[in-house]
Amino acid sequence: MLVSNILFIVAGLLLGLAFQGGMLLFLIPVAGVAAALGYMNLPRVPGGKTASIPVITTAMRATGISPAVSPDIRNSIKDEAVEFNEPNSTLRVNQCWARTNADVTRATSDLLQGLKRIIPNAYSLIVFSPMASAKEWGIRCFQSDPNAQVATDVKITENSGLISQLFRPEVNRLLEGDLMGGKTLLYYIDNPMIKSLVAVPMLDRDKNRIGAIVVDSLYPNAFSQSTAQALTFIASNLYTLTFKSFASTKNYIAQQQFSVLYNYQHKFFQTMTVKDIYRQIFEYIKENIPFDRMMILALDKQENLPPHKEREGRVVCVDGIDCEQFSGKKFTLSDKGLAVLALLKNRPVERLFSSSMGQYVPRIDNNEKRNMDIRQLFVMPIATENNAEQAELAICLESRTPGRYTEHEMELLKAFAGVAGFAYARACQFEQGKDLASRDGLTGLINHRTLHETLRTEKIRANRQQYNIGVLMMDIDHFKSVNDTYGHPIGDVVIKGIAGAISGEIRKEIDLVARYGGEEFVVGLIDTTPEGMLETAERIRIAVSKLEFDVHQAEPLRVTVSIGAFLVAPEFHDMKKAVNNADQALYKAKEGGRNQVIQYTELPVEAVV
């Protein structure tokens, strides 16, 4: 408090000396520095009638970042923190900008307060700053006599009165000593007769006009050339203070954002599964980027793609507007949506939509639900290799606020996409290696060892939730004669075809199917009933019997399977024995004539055809 007061007193004394003119004008920059240091120690100096109208200035935009809100929202930013759909953000970017804007406004108001005390006969001192554009100025803050009624919502344009002359490049100052007996100015409500006025433009580093400082008086000839020159120095210092404040905020935001990115890089390297990569991408966007709808698109693995079939993908994560309509939505690369285009071309896609367009541009395909309130879309593809023709993932962000995604957000997402792409490639390689160890190379089904491990895990869950597990053991009938007659390549085709038929009759996300060895398969039916187990087994038997295999003869090859079934109730705990029981039932099915389902019981077994 004491240091701040001393600095303001020093600034006031220096300005007072500077307004004497002559060689003392060099004290203006020193006074500006003292005032700025004083402000840093004490944000508010008590005084007379002051007001501040926060306006996002050109100085803020000159730093290279502006708040991710449209101009109409920028003008309504208040001193208090505001949220723009960032419910989980660890770094409130818009709040940072709003606080800096409020701090600069308070510092400017304090400076005007000091000038009001040392400029004789000053009625009002006003700082104008750009509003929606550089060609429209509004009042940032002012200091005036208690009787003055300033219109804080006034807008100064190129053709709106005396002050608008400062828009002209050839006008470096206004200095009026006797305004024809008194003149009313646009920014007053009560229209007092202003007799004197001095005003100078505020210039940025490129000499663009970004506002003005205006001082008026009810007395004629109240100001001199020295006053105008002093205001020019003050305007320069005020711009420097504003620019440095917003540049500092920009650096702070960038540091914090890249610190978060660095932390996610660590998370990515600790992650070994593709699903965890999806989750971490989702969490990062949720916590750091505003959106009204966000989707993560992923292409299916290339190695699982059948010959001549188009590559497909799906929406793996979605949040926000109409999320239930897009959750799990499938697509192909021939679909005409903007998000699919970003994947296909491995290029970011950004679009602004006008409310007057009246035409919807699909995000995924023409069948999706259409929302005409969205005003901006940005899609960032994530590729696993540099310069890849296609991306593997894409982040699609949509906002009802136009201009929410600026170049800064896009560059930030580009850096994030590079880290995420590397982590995704690593997770895919890990899962591929894991699959090689846990899956059968011919059919892609889990192998003998993985089946027993998974059944043990499922049994623990079944014990806790008290449900049954059905175990089906099946064998291809007369498979040895298939190999002997048509050769092992045809035998492999038969095995793959039957694996596909079995997989098509079970619940893919719930049940298990494994190639147990040779021509044997085992199915684990999770949370089933005796009737449900036998019904599924019969469906599998019928589906296999309908298969036809081309062996280049007059008739296609057809095969059948025999199936043994065993129901694992909650009180039964030995899963290895459960598989053996199903195997014993399979043996009975073979003995009984093949191409049938037999359920294991302790009593004599009974055929179910």
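## Overall fold

Among contacts (heavy atoms within 4.5 Å) between residues at least 6 apart in sequence, 65% join residues at least 24 apart in the protein chain. This is a predicted model in which local features need pLDDT of at least 70 and side-chain atom pairs count only at pLDDT 80 or more, while totals for chains, interfaces and linings use all residues. Residues are numbered from 1 along each chain as its sequence is written, and side-chain values use heavy atoms, with hydrogens and water left out.

The protein chain contains 15 helices and 19 strands, taken as DSSP runs (helices H or I, at least four residues; strands E, at least two) numbered from the N terminus. Of its 609 residues, 52% are buried, that is, under 20% relative accessible area with a 1.4 Å probe, protein chains only; exposed is over 50%, and partly exposed lies in between.

## Leu-218

Leu-218 sits in the loop between strand E7 (209-217) and helix H6 (225-270). Leu-218 counts as partly exposed because its relative accessible area is 32%.

Leaving aside residues up to four places away in sequence, Leu-218 touches Asn-121, Tyr-123, Pro-192, Met-193, Ile-194 and Lys-195. Lys-183 is 35 residues from Leu-218 in sequence, and their C-alpha atoms are 9.7 Å apart.

## Arg-314

Strand E9 (residues 312-320) includes Arg-314. The relative accessibility of Arg-314 is 38%, so this residue is classed as partly exposed.
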